[in-house]
Amino acid sequence: MAYGLKTEYRLRMRAQVVLHAARGRSNSRIAAETGLHLDTVRLWRGHFADGGIAGLADRRRSGKPPAFTPLQAAEVTALACRLPAETGVPLSRWTAPELAREVVERGITPFVSAATVRRWLAQNALKPWQHRSWNFITDPGFRTKAGRVLDLYARIWQGHPLGPNEYVISADEKTSIQARCRCHPTLAPGQARAMRVNHTYGRGGALAYLAAYDVHQAKVFGRTEPRTGIEPFMNLVTQVMSVGPP
């Protein structure tokens, strides 16, 4: 026990104190050889004299009683696993402060902080304030259409690999990009004064941005046009086709 590698450090040091004492060494010498404080050596020699080996174990400490019961923590966790609308709360999703407020209103506990609620939820890997969106596929031909796109990403078309001079281009457009300018210049920050930005602006018209992305070369071709349609799109095609392969 005194020199066992698997023994806890604190128990190993206490056992060494007892072992040195059994060899007739003084408290001051034991403290010097073990690196422990002299009072610590006296303490554990006294515990061993009173209780033997069992006296070297830590005594049970009363400590502060827990402020919440396991049942209360479980009730909060169960509430977090339900949608607020199901409980009559007009929220889209729970937050730790809202949960803490609802728990108090329900009488589960007279008081609980948001930090405590967050800690209980973390123990169960729960984050009800986060959400993910998804979309139901209603197109019956989705699998076929998606298969073509995925094949192109893998450089395959109709079951055959693309040649070295064949490219996959993905094109799209962003309509109605408004050009705006501030009516008054922005003022730089100064001593005890934040930067000042005027909220009024003038409209400078709207543009459409058309872009084509070379999927496998990670290159973007882009241009702005006053409007969308076949003619602006063909301008983008001409721009892409006028650039030689890398």
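K145 and D139 pair up through their side chains in a salt bridge, with 2.9 Å from N to O; the term covers a side-chain nitrogen of Lys or Arg within 4 Å of a carboxyl oxygen of Asp or Glu. The model is a predicted one, so local features need pLDDT of at least 70 and side-chain atom pairs count only at pLDDT 80 or more, while totals for chains, interfaces and linings use all residues. Residues are numbered from 1 along each chain as its sequence is written, and side-chain values use heavy atoms, leaving out hydrogens and water.

K145 is partly exposed at 46% relative accessibility, and D139 is partly exposed too, at 33% (buried is under 20% relative accessible area, exposed over 50%, partly exposed in between, with a 1.4 Å probe and protein chains only). Shared partners also link R25, R29 and E33 into one salt-bridge network. Another pair is R106 with E102, at 2.9 Å from N to O; here R106 is partly exposed at 39%, whereas E102 is buried at 13%. In total, the structure holds eight salt bridges.

Disulfides are another story: a disulfide needs two cysteine sulfur atoms within 2.5 Å, and the count by this rule is zero. For C181, the nearest cysteine sulfur belongs to C183, 6.4 Å away. C181 is partly exposed, with a relative accessible area of 48%.

As for the overall layout, the domain assignment (bounds come from an automatic or database source) gives domain 1 (9-56), domain 2 (70-123) and domain 3 (141-183 + 201-242). The centres of domain 1 and domain 2, taken over C-alpha atoms, lie 50 Å apart.
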